[in-house]
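This report describes a pair of protein chains in plain terms. Please examine the sequence and the structure shown below before reading on.

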Amino acid sequence: MSETRQIIVTRGLKKTYSDGTIPVQAVRGVDLIIEKGEFSTIVGPSGSGKTTLLNLISGLDRPTEGEVYLNGRLLSNLTGKELSDFRRDHIGFIFQAYNLIPVLTVEENIEYIMLLQGISREERHRRVLDILQKVGLSGLENRKPPQLSGGQQQRVAIARAMVSQPSLILADEPTANLDSETGEELLDLMIHLNKITGMTFLFSTHDKMVMEKARRIIILKDGKIAADERK
Amino acid sequence: MIWIKLAWRNIFRNKRRTYIAGTAIGLGLASLIFTDALVIGMEKNMIHSATLSYMGEGQIHRQDYRQTQDPELTIHNLPVIIENLRQEKIVKAYSVRAMSMGMISSPADVQAVNIVGIDPQLEKDVSQLDEAIQRGSFFADENPRNLLLGSKLAEILAVDIGDRVVITVARIQSGELAQEMFRVSGIYHFNIPEMDQGMVFIQLKHAQEMLGLGEQAHEIAIQFTETRFGIDKNLQFWKQYSENGNVAESWTVIMPQMEAVLELTQFSTLMIGLILFGVVALGIINTLFMSIHERMFEFGVLRAVGTRPWSVARLLLLEAASLALISIVLGNILGLASTYLVGQIGLDYTGIEFSGITFRELIYPELQLIQFIKYPLWVFLCTIISGFYPAIYAARMSPANSLRKSM
């Protein structure tokens, strides 16, 4: 696999939290390469370091040791403002609890990142309608999140993550708050979007269904990669 | 635009908290407006009480007369000055007075007093001596032997209307004693001890005769057409009439303690303002921090999706500004309503002495347009400045920490 196919590269990644009196090593030396277009999942028991690893990969947190390259950029070289801009342009996030902004409508939530990017109003509106159609929510653009079901809110979150056309989608337990039927539906939707857009998806999950459908499973144990299986 | 929309909607996510905080800040603003209006009303009342009761808004004397009270120091060119004062557009009224220390005696007692000769017709327009008459009348007839004295002095001398008293003064050039009998025609009550006990009034011409002054006098008290002229130290009037050995002075110079009292009241307003702004600042900080902690995940999401730290701070500042706008609307309405209502009724402090000045009229808080511009602007700025602390806190929050529970 050539260097340019690699979207995520981590080398000797470590993260130690020292908020309390005893330092906690959440990630203990992770070397990982994720290639463009992959549909991968990080699995592991609670406290295995999945969330910390996703935070380090996305630049939401800084490693104690080691390096993270995203699209060839070394994240530790970026300032806070540069990291914000980098995340805005390269990463889409899907959270377990949807985390839409409740005071904004579906359309406003989806177009938020595009607003930050300075995309014109017409283009934003066009893309919002397009992505809403793709996630099956056409006609709901003026509703506010509390007026939607959990599954619909997660679809909006997927739309928000994808609408700015990032190269990487990071999803933390995206199906955990959904019933199995809605979860499977959304997972199929993301697999479909992965196929048609070529965007890279990286999940953290406990959900067996996600593990079954993922093309690569990275098993994390005590902050280290215990296994890395490709299907 | 999205930031304004987001801030405005965020403010109403917890309506009860916003209304409570807005009302608290609004009440602070209303208190400031009311206090300022009350202080203005009180100042005007004090100035009125001090200047309208007797002193006037300005006085003309011979140089050094005020300091020495030497009866020989009479005003130079009195007829010319009087003629000029008649022509002055800013002068509403003037009163010519001849004065000397002397003695008043009754069968019961003797008292040293300031004997003042006045022209009743002129005096009526300058002072409130005629309105302060408790018993008898204010020189109702031309009888040159009529005399007015204060209620306290009448009590000491045990005299009443119609009783006879004897006035003794020294003639100015010879120093010979002149003694004449008068009849008490009026008893006044100003509730000012110096006036109620220490002054008697007789007709100007009679005083001039007794003192051997001829047509001369010691004091001209002036009322201007507008209060502001009396306060304006740079008014050309003072210079114009401070010539030929005479000196024209504003009440602020004659009564410096009054100016000090006014400064004190202004300082009190400032202190009240500072305390209120302290409360407003703490209210804002508390409200914004509560809001931040409630929306911790949301800030994490905003940061995660690419919102710059400064944009998060700006959002918080806009929320503070939105809260300020709500508070200002509430505060202005409350301030206007409370001041207007009290302004209709008036506060009754009549007869109460404050720093040597006795309130003689009801105090009416005075509304001014500037109160609804200046204080709201202060509240707005105070809110924004207070908002910086929580805004910077929110901007510096680590997105990972904010999201820890969710991602």
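How many residues of chain A are in contact with residues of chain B?

## The model and its conventions

This is a predicted model, in which local features need pLDDT of at least 70, side-chain atom pairs count only at pLDDT 80 or more, and totals for chains, interfaces and linings use all residues. Residues are numbered from 1 along each chain as its sequence is written, while chains are lettered from A and ligands numbered from 1 in the order in which they are written.

The pLDDT is the predictor's confidence in each residue, from 0 to 100. For chain B its mean is 90, and 99% of the residues of chain B reach 70 or more. For the complex, the predictor gives an ipTM of 0.87 and a pTM of 0.75.

## The interface

In answer to the opening question, 24 residues of chain A are in contact with 21 residues of chain B. Two residues are in contact if their C-beta atoms, placed from the backbone, lie within 7 Å. On the side of chain A that touches chain B, the helices α1 (50-58), α2 (80-90) and α3 (106-117) of chain A each supply at least two residues. The most comes from α2(A), with 6 residues. Helices (H or I, at least four residues) and strands (E, at least two) are DSSP runs, numbered from the N terminus.

The residues on this side of chain A comprise 12 nonpolar, 6 polar and 6 charged. Here Ala, Val, Leu, Ile, Met, Phe, Trp, Tyr, Cys and Pro count as nonpolar, Asp, Glu, Lys and Arg as charged, and the others, Gly among them, as polar.

## Helix α1 of chain A

In α1(A), 9 of its 9 residues are buried, including A:Lys50, A:Leu53 and A:Ser58. A residue is buried if 20 or more other C-beta atoms lie within 10 Å of its own, exposed if 12 or fewer, and partly exposed in between, with C-beta atoms placed from the backbone. Just after α1(A), A:Gly59 takes a positive phi of about 80°.

## The sheet of chain A

Chain A contains an open sheet of 6 strands with mixed pairing, in the order β6-β7-β8-β3-β9-β10. Because β6 (91-94) and β10 (224-230) of chain A stand at the edges, each with a single partner strand, one side of each has no neighbour in the sheet. Two strands pair if DSSP finds at least two bridges between them.

Strand β3 (residues 39-43) of chain A has 4 of its 5 residues buried. It pairs in the parallel sense with β8 (residues 200-205) of chain A over 5 bridges, and A:Thr41 stands opposite A:Phe203 in β8(A). The pairing of β3(A) with β9(A) is also parallel, over 4 bridges, and there A:Thr41 faces A:Ile217. By contrast, β9 (residues 216-221) and β10 of chain A pair in the antiparallel sense over 6 bridges, with A:Ile219 opposite A:Ala227.

## Nonpolar cores

A nonpolar core is a set of buried Ala, Val, Leu, Ile, Met, Phe, Trp, Tyr and Cys residues joined through C-beta atoms within 7 Å. The largest has 112 residues, of which A:Ile158, A:Ala159, A:Met162, A:Ile169 and A:Leu170 touch the most other members. Helix α2 (residues 15-55) of chain B provides its largest share, 13 residues.

Apart from this core lies another, of 51 residues, among them B:Val96 and B:Met210.
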